[in-house]
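Subject: Model handover

Hi,

Here is the model I promised you. Please have a look, then read on for what turned up.

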Amino acid sequence: MIAQHYPILQVAIPLIAAPLCSLLPKSRLPWLFATVISWFTFIISLFLMQHVRSHGVVTYALGNWAAPWGIQYHIDVISAFVLVIVSAIASITLLASRKLVENEISASKHSLFYAAFLLCLTGLLGIVATGDAFNVFVFLEISSLSSYALIAMGENRKALTAAYEYLIMGTIGATFILIGIGLLYMQTGTLNMLDLQVRIHEIDGFRSVHAAFAFFTVGICLKLALFPLHHWLPNAYAYAPSIISIFLAATATKVALYLLYRVFYTIFGFEFSFDTLNLGYILLPLSIIAIVISAFTAIYQPDVKRLLAYSSLGQIGYMTLGIAIGTQAGLIASIIHLFNHAFIKGSLFLCMACIVSRIHSNQLVHLAGAAKVMPWTCAAFVVGGLALIGVPLTSGFISKWYLVLAVLENDWWWLAIIVLFTSLLSVIYIWRVVEQMYFHEPHDKCVGVKQEAPLLLLICTWVMILSTIYFGINTSYPVEMATLAAEALLN
Amino acid sequence: MLEYISNHYNYWVSILLMMAGLYIVIDHTNLLKKLIGLNIFQTSVFILFISLGKVDGGTAPILEKGYSSFSNPLPHVLILTAIVVSVATTAVGLALVVNINNRFNSIEEEEIEQIELEEE
């Protein structure tokens, strides 16, 4: 039955497609090919989701080697959910990408660009699909290496230094994860995550298991860009080609967060992470600092893509805050925000891509009066901004609502106040952009612009924007998924 | 105490290299030297993995009459993969450094930061 092969098809299709894509001639073909492949992965992820919901966990033994020895792909609710998010964002960004790539990347590199994009997608999907700790490291490096190359393709030469810094930090992070895997293997003799879970409980109390936990946490938090390990992120997102900013902002940190769930809840287990090692004590203050500092920094950014990148750091803080609360409600809030933020930040970066495609600048001052020449794009930015702030009837509100509920469940009034206060700060930085767009005389850069963004790009932007409104009104899907996923992770 | 150190000397070497590598990455401002530091750091992890696969008195994992005790081959396989990853990382890193040198005319971090500041 084909359903059993979904997990491997999910990863293998883009992996095989990537080298094929690099061989395609200079034309629209690479774009078309990459887009079709990404829609394939999206459809598979939907089937997989359907299958997981009706039949429970799907497992796939690679090469038919049974679980603890061979590599096993293990798809439960949370993996299926994140697979859907990643492949959905990939297929929408690739569909929107043709004009953007033509503008920003020289024609001779198109096929290589799309090949690297597919490799990055492979890596991200692989991390989520696999149930083997070492396989996670391999896929992590596949996605990271291709994203270093993709970021370096940005027009501004600062993209190179941003990519270099990301390479150094990313490699240290991945090597830390590798050390963690090594220490765990030393103690347990297994690499299978479910097997690890059982064996760690049996040998509770070894110092090297504690060290492995620390290495995993720090390594993944480097990839996640949690304060104070976030320094690489703003430049990488700001100077990458527009299409890459959209894709990485919406998926890469989300997959790192997924990995954090896996390590905390599946491999080490809730009791070990939160009761034995008191993870909450370290994660809670770091999350709060990340939320507050990044909101203040975002207010002073002259570059809108950098502003959105700093806002991303704060949103990551909300997600880790959900974990740090250490209750099921907190975890649910974290997963809901993972889902909603992927779409919100994806749509905001898409708006910026629309603007860059016509105005050719990310600078805030150059956006003055943009609403007169690009009304649809700017309207989309306003709606996306409202969702980011968390205004009712948008998906951002649902995230904040569940987060505040989870906080209040623990009677932490002060924390609820911080969450609301930082939402007000996000009003300020979104308002700065909206004010420039709507209430200023057009800047010279805007005057020459005759038309809206390319139609396909604009349609994709509005699809994403409307999805944030849809999931703000009809919340049943993300909430139900997050609840099921949290229950599965905690038991 | 001395025996404890000498029995675990490959772990000590691994820790020493790890710290040296990380220190180079953090301390040096030359982009090329940073990459070399990163390489040393990664190599130390390879040694850690290979050490933990060693079985006392075990031979290389080849099926041959007369040998019953083998070293664990799995860490070797893992590290072969990790070496490939490390080579790829170095290649991408060096390519970036070459490009940075082409467009900034420098591979010193401080000089590049200075150029970037002047641009703004």
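A:Pro228 sits in the loop between H8 and H9 of chain A. The peptide bond joining A:Phe227 to A:Pro228 is cis, with omega at about 0°. Most peptide bonds are trans, and most residues other than glycine have a negative phi. Bear in mind that this is a predicted model.

A:His360 is not a glycine, yet has a positive phi of about 60°. A:His360 lies in the loop between H14 and helix H15 (370–373) of chain A. With a relative accessible area of 55%, A:His360 is exposed. B:Asn105 also has a positive phi of about 60° and is not a glycine. Its loop runs between helix H4 (74–104) and H5 of chain B. B:Asn105 counts as exposed, at 67% relative accessibility.

H14(A) covers residues 328–359, 32 residues in number. H14(A) does bend, by about 25° at A:Asn340. Is H14(A) enclosed or open? It is largely enclosed by the rest of the structure, because 29 of its 32 residues are buried.

At the other end of chain A, look at A:Pro25. This proline is in the loop between helix H1 (6–22) and helix H2 (29–55) of chain A. Its relative accessibility is 47%, so A:Pro25 counts as partly exposed; the cut-off for exposed is over 50%. A:Pro25 and A:His110 are 85 residues apart along the chain, but their C-alpha atoms are separated by 9.0 Å.

The largest pocket holds about 1200 Å³. It is lined by 49 residues, and the closest to its centre are A:Lys158, A:Asn235, A:Tyr239, A:Arg306 and B:Glu116. Which helices supply at least two lining residues each? From chain A they are helix H6 (158–188), helix H8 (207–224), helix H9 (233–239) and helix H13 (304–325). From chain B they are helix H2 (9–27), helix H3 (31–52) and helix H5 (109–119). H6(A) gives the most to this pocket, with 9 residues. By class, the pocket lining has 23 nonpolar, 12 polar and 14 charged residues.

There are also 7 cavities of 30 Å³ or more. The largest cavity has a volume of about 120 Å³. Of its 15 lining residues, A:Leu124, A:Leu140, A:Ser143, A:Lys223 and A:Ala252 are the closest to its centre. Helix H4 (110–129), helix H5 (133–152) and helix H10 (242–267) of chain A each supply at least two residues of that lining. H10(A) gives the most, with 6 residues. The cavity lining divides into 10 nonpolar, 4 polar and 1 charged.

Last, chain B as a whole. Chain B has 5 helices and 0 strands. Its radius of gyration is 20 Å, well over the 14 Å that the globule rule gives for 120 residues, so chain B is more spread out than a compact globule. Along its principal axes, the C-alpha trace of chain B spans about 70 × 35 × 15 Å. Buried residues make up 32% of the 120 residues in chain B.

Best wishes

Key: Residues numbered from 1 in each chain as written. Chains lettered and ligands numbered in written order. Predicted model: local features only at pLDDT ≥ 70, side-chain atom pairs only at ≥ 80, totals over all residues. Heavy atoms only, no water. Helix = DSSP H or I, 4+ residues; strand = E, 2+ residues; numbered from the N terminus. Expected span 1.5 Å × (residues − 1). Bend = angle between axes of the 7 residues up to and from the residue. Buried < 20%, exposed > 50% of the residue type's maximum accessible area, 1.4 Å probe, protein only. 1 Å grid on protein atoms, 1.4 Å probe; cavity = no way out; pocket = protein on both sides within 12 Å on 5 of 7 lines; lining within 4 Å. Points joined across faces, edges and corners; volume = space filled by probe spheres on them. Nonpolar A, V, L, I, M, F, W, Y, C, P; charged D, E, K, R; others polar. Rg over C-alpha atoms; globule rule 2.2 N^0.38 Å.
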